[in-house]
Amino acid sequence: MPTGLRVATAELSERERKLLQRAPRGAVESDASHVLRLAVAPVSVRFAVVAARTWHEGLVKAGRFAPFCARAMLLPAAPSDLDDAQVQAGFYGIGICVFSSGKLQMLAEPERYVRRRHSSAQWWFAEEIYQQLTATGEELAAGG
């Protein structure tokens, strides 16, 4: 269910109504005729950059993030077959960048990410990223 949009309970299936009854406290607000989702993902990932040795490897690694955010690969140097790399990366909407001589250079711009639907996989991804961020923060706070 979209956040902040009142949905008529009559429009929900019996299964969905039963699931909503088990929702954690504070996740939804409901009355006799409508339900409103209050819960939101703890973080919103906008962009993922993956390090790769080759652009072929970069396509695979960055491609894993396609359902969740815009993505790019970071290569150690410009590929010798740059035109081919740009065409392939462009087809999949993946950016290509290299870091050399202290500068980041974009060789192909990533495609802008547009969320087309809500899914449990997107929620899981946000939860995983949040867990990693908070674990890192706890380690830093503990001096680790």
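Tutor: Here is a short chat about ring pairs, a sheet and a loop residue.

Tutor: This is a predicted model, so to speak of local features we need pLDDT of at least 70, and side-chain atom pairs count only at pLDDT 80 or more, while totals for chains, interfaces and linings use all residues. Residues are numbered from 1 along each chain as its sequence is written, and side-chain values use heavy atoms, with hydrogens and water left out.

Student: How many aromatic pairs are there?
Tutor: The count is 3. Rings of Phe, Tyr and Trp (its six-membered ring) pair if their centres lie within 6.5 Å; planes under 30 degrees apart are stacked, over 60 edge-to-face, the rest tilted.

Student: What about phenylalanine 68 and phenylalanine 125?
Tutor: Their centres are 4.3 Å apart and their planes at 10 degrees, so the pair is stacked. Phenylalanine 68 sits in the loop between helix 2 (55-63) and strand 5 (70-75), and phenylalanine 125 in helix 4 (residues 120-141), 57 residues apart. Helices (H or I, at least four residues) and strands (E, at least two) are DSSP runs, numbered from the N terminus.

Student: Is phenylalanine 125 buried or exposed?
Tutor: Buried, at 9% relative accessibility. The cut-offs are under 20% for buried, over 50% for exposed, partly exposed in between (1.4 Å probe, protein chains only).

Student: Switching topic: in what order do the 3 strands of the open sheet come?
Tutor: The order is 1-3-2, with antiparallel pairing; strands pair if DSSP finds at least two bridges between them.

Student: And which residue is the bridge partner of valine 7?
Tutor: Valine 35, in strand 3.
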